Structures are given as structure tokens and as C-alpha cells.
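Dear colleague,

I am passing on the structure we spoke about, and I would be glad if you could look through it with the notes below beside you. The sequence and the coordinates come first, and the findings follow.

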Amino acid sequence: MPIRFHNTLTRRVEEFVPAVAGEVRMYHCGPTVYSSPHIGNFRSFLLGDLLRRYFEWKGLRVLQVMNLTDVGHLLDDAEEGEDKLEAAAQKAKKSAWEIAEHYAQEFFAALDFLGFKPAHHYPRATTHVPEMIAMIETLEDQGVAYRVPSGNVYFDIAKFPAYGRLSGNTAEELEAGARIEVNPEKRDPRDFALWKIDPRHQMQWDAPWGRGFPGWHIECSAMSKKYLGESFDLHTGGEDNVFPHHECEIAQSEAANRKPFVRCWMHVRHLLVDNTKMSKRLGNVHTIEGLKEKGRSGDAIRIALQKAHYREPLNFTLAGLDEAEKKLARYRDLAERLKTDGAGGDALTAAASAEAETQTATAGLALRFDQALAEDLNVSVAFAVLDEAVTEANRRAPRGADALAWLKLLRELWSIFGLLEKSLESAVLPDGSILKLIEEREAARKARNFARSDEIRVLLKQRGIELLDGKDGVRWRRA
RNA sequence: GGGGGCAUAGCCAAGCGGUAAGGCAACGGAUUGCAAAUCCGUUAUUCCCCGGUUCAAAUCCGGGUGCCCCCUCCA
């Protein structure tokens, strides 16, 4: 079935057709590493992870790149304003380099905690300055960049008529806004910096225009070209990136390469927390590390951040996270039951010998799940199908090969959302003393000695083991 | 000030012209030594408000109201 995505470029949902059949090349705007990554960042990054998992499930080969912005950038093109990375460095009495490295590590730790499939490349701006310089030189050769006496180099908007196509920010509209600082260096207020000279900066590189540092936008143009080529299929980021960042990337890349840049642009709506915008002032900025310390699971965070469509508002709350934990417990219980009832067989092979009715039912659910995601990633419907599959598997209480067939389906669907990947594998058996207590309790129950039986239940609960009595004997799980 | 988006049950959230998915919570029932899990059922005459188009509107159009995003190197 065709996959359809909303393309910011056309403002429509349209069929997604990769340049090379069976292969997807995509680039995600990653974090600026000057502070702890928060859940808002990860709503955006999770779109990339979902795309990756969905494409691979569909049998497409994926090449995935996410950049790390670790170069400081001035807040505006005038001489005022603070550089966030350098400001953070000053505050922490560390160098900008140390700050960037510190937060880069925190970012990778968060990716790991949330169970991201690692992208194939995580290029950093600081290690790709030569590529950026080369691209700026090309832009100069093409006559679309100009240098001013201060040494700064700007992109010449007048030479790229398509500027504004992505964001809809035409010259007239920007002027109407009247919020553009007049920078006398520039030929047009919309011109943006490619290379900047500012001796106050800690991070400096030698370049044909003098020792300085690159403009913000050029890094993504240079790095995507290096790892994905001059044209590629998908580019994602937060909605705030549409303008000016992505608008400028298109201008640079297409002007330098003389080729169409990206086929499809996807932008993620900003996350709300407690129904309002996240801000340090309100104290509602949740970092992944902070949630981890509070004992929240990566899987629950994944559900909370992926349960609404990426272009719709999504409200994050701690109560929502509780709800997600319950959903996970339900999933996990079912998986354990299916594993037990599948009698330890190999799900992948045994599922094939399940009854015809099971095959039909599971295939039907998988198809509906696929159809939901194929229509611009309708995750709400996908989750509805998944929950229906869970109810169905509970209701049927399948055995043997049928149990394994259901388990196989559920694992597939869970894995698209990146759920239950680690926890299902790492179910460690309780130690001997616990097993002995469980046996003793079984004996007591047979003898209808419920006093002792309940005593053992409490005892084990204190050791973190919860017992579940069922028709076919006792099961346990970590409480 | 200019541009864009969203408003659906107590909460989260699909549907986008044909008569309101799913989840959480709540309540009733089945099962159960206890506990948990699980299953079944009930819960929006109605989709922010006011007009309009249509045989038919939560869905389209106009006007309000509220919130969000961009125009500030914040995902």
C-alpha cells in the first residue's frame, strides 16, 4: 500500500515515494547541546525513530542521520545578544567545548534509556567545518554569497527566488511583520550568515574569509550532503525549524548543488506540558534524566510522547505517564502469559503452524495497523488496533502455536513504537529461596492452609515478587 | 502588528460531508480461598459559541471566543 505523509513543502498529505525504490534516506534535526535534552526534544526525535522502525518493518532499507549542533551561535545577526552555548559555558565556568561534550553525552544516554534505534550517523558541526567551508566557497563561486568588509559572509536571497516556499514567509509578509532588525551589512534583511567573524567566540576556525565560525544553517546542508547525498527523501524537525532554519537549508543546498534538496519535509508540533507551553519559568520542563530519576520508565515516556499525531497538539502530564505505565503492565502481563502458554516454543517458527483462524485474525490486525501508519502516521488509530489485538489475545487465551502467533504479532506491533524490547528479554528468574517459598505456598494452598499461603504472598511482595494465581498454577512477576 | 494551526465525554485522543474509534477513570456483571490479571456490559441525541450551505455537517463557509506555533540561531 502507498505510504502517505504530510509534506510541509506542499502543505498536503501526499504519497511518499523515495528516490530509490526500497530505500529511504532521511535526516533529522537533532539537539543543540547546551542544556539537558527535554521531552519536547524527544517528541521530535521519536518521530524519526518511528519512521525508521516503520520503514524497516515494511522492508525498506533506511539510512538515517541526526546531527548534533555543538557550535555556539549568536542569537541574532547584530552584535548584541548572547550565544547560548557560550552563555552556558560561562555559567558553568567551563569551556564551550566541555559544555557541548557534556550535554552530547547526556543526549546519548537519553537515547539509550528511551530505546532508540541508533541512527547510522550522528555528525557534529564542530567536526564538519571543512565541509561547510567548501560549501560556502561553492556558494561564492555560484555568485549567491557575498562577503562584507567585516569579513562576514552572507547568502544572497535575491539570487534564490524560491526562498519562502517552505514557510510561506514571502518578502512582503516578513516586511509586514516589521520585526527584522536592520543590519546595514546585508543587502536584504532576509540574507543570512554563512560565515561569521567575532573574536569573542571561543570556537574559531581558519577559513578563507578569516578566523571565525560557521552560520547555523550551513551545518545541516553540509552534513546531510556528506552522509545522504545532494538529494534525499525525508527531512524532519520541530515546527520551529520551518523558518528560518529549513528555509535557509533549502536555499543553500539547492543553490550550491543545483539539484532539488529534500523530497518530503515533516515537522513535529511542539509539545505542551500541563496544557501550556514548556518554559523554565513555569518549572514544567521535564528532562529525560529527571524523569528517569523519578523512576519513570523509558517505555512509558515513549507512549506518552507518541500517542498523538505528530502534527497535532500533544499534552504531556505526569498523570498521562501513569496511564502509560498501566498500559505497559497490561501488555507485559499478556506477553508473559503467551510465552508460558506457548510452552517455550520459538515464536518465529511455531507461529507459522498456528490455526488458520489465528493466522487470519493476526494478519487482519497487522494490516489495519499498517494502514493506519501508512496514512500520515495515524498513531492513535494504530494504538487502537494494537489495544484491540491485546484484548483479542486475552479473550481467546490461545495455546501452543496459536499463543506464539499472537505473541509474534504483538511483538511486531510493539516494536514499531519501540515498546517492550528490553524488558521482555530480561525477565530474570527469581533465586532459589524464592522458588522454594513459591513451592511451599502451593503446597499450603493445596492443603487449604490459606493463612500460611497469604503469609508467603506478603513475604514475597516485600521482596518485590508478586504472585498471580491462575487456573494452571501460579505465575509471578516483579511488583 | 503579520502569517499558520487547534478546539470532540471527568481525562488522553481518532474521525474530516452520511448519522460519534480506542485508551484511562467510573459503575454493573462473570471469574476468584485472598490478591491481581482477564472477559462482558453501561457511560457524548452530540463534537467551543453564533449564523449559513446541504436531503444530510463534528466534518464545508462566514463571524466570535480560547489556546498553541512561526515572524527572535527554542524540537
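Of the 479 residues in chain A, 50% are buried, where buried means under 20% relative accessible area, exposed means over 50% and partly exposed lies in between, calculated with a 1.4 Å probe on protein chains only. This is a predicted model, in which local features need pLDDT of at least 70 and side-chain atom pairs count only at pLDDT 80 or more, while totals for chains, interfaces and linings use all residues. Residues are numbered from 1 along each chain as its sequence is written, chains are lettered from A and ligands numbered from 1 in the order in which they are written, and side-chain values use heavy atoms, with hydrogens and water left out.

**Overall layout**

The C-alpha trace of chain A spans about 95 × 50 × 35 Å along its principal axes, and the chain holds 16 helices and 15 strands, which are DSSP runs numbered from the N terminus (H or I over at least four residues for helices, E over at least two for strands). Chain A is divided into domain 1 (20–268), domain 2 (288–416) and domain 3 (432–478), with bounds that come from an automatic or database domain assignment. The C-alpha centres of domain 2 and domain 3 are 29 Å apart. Among the contacts in chain A with a separation of 6 or more, 75% are between residues 24 or more positions apart, a contact being heavy atoms within 4.5 Å.

**Helices α1 and α9**

Helix α1 (residues 39–57) packs against helix α9 (residues 298–306) at an angle of about 90 degrees, and their axes are 10 Å apart; the axes are lines fitted to C-alpha atoms, for helices over the stretch in contact, and angles run from 0 to 180 degrees between N-to-C directions. The two helices α1 and α9 are therefore roughly perpendicular, a description that applies from 65 to 115 degrees, whereas under 35 counts as roughly parallel, over 145 as roughly antiparallel and the rest as oblique. On the α1 side the contact is made by Ile39, Phe42, Arg43, Leu46, Asp49, Leu50 and Arg53, and on the α9 side by Arg302, Leu305 and Gln306.

Thr236 lies in strand β9 (residues 232–238) and is buried, its relative accessible area being 1%. Its side chain makes a polar contact with the side chain of His28 at 2.8 Å, where a polar contact is a pair of N or O atoms within 3.5 Å; within protein, one must be able to donate a hydrogen and the other to accept it, and residues adjacent in sequence count only if both atoms are side-chain atoms. Not counting residues up to four places away in sequence, Thr236 touches several others, including Tyr27, Leu47 and Met266.

Asp370, in helix α12 (residues 356–374), also counts as buried, at 11% relative accessibility. The side chain of Asp370 makes a polar contact with that of Lys58 (3.0 Å), and, leaving aside neighbours within four places in sequence, Asp370 is in contact with Met1, Tyr54, Trp57 and Lys58.

Leu409 is placed in helix α14 (residues 400–416) and is buried, with a relative accessible area of 5%. Beyond its neighbours within four places in sequence, Leu409 is in contact with Thr362, Leu365, Ala366 and Ala389.

**Helix α7**

Helix α7 (residues 242–257) is mostly covered, with 13 of its 16 residues buried, and is followed by Arg258, whose phi is positive, near 60 degrees.

With best wishes
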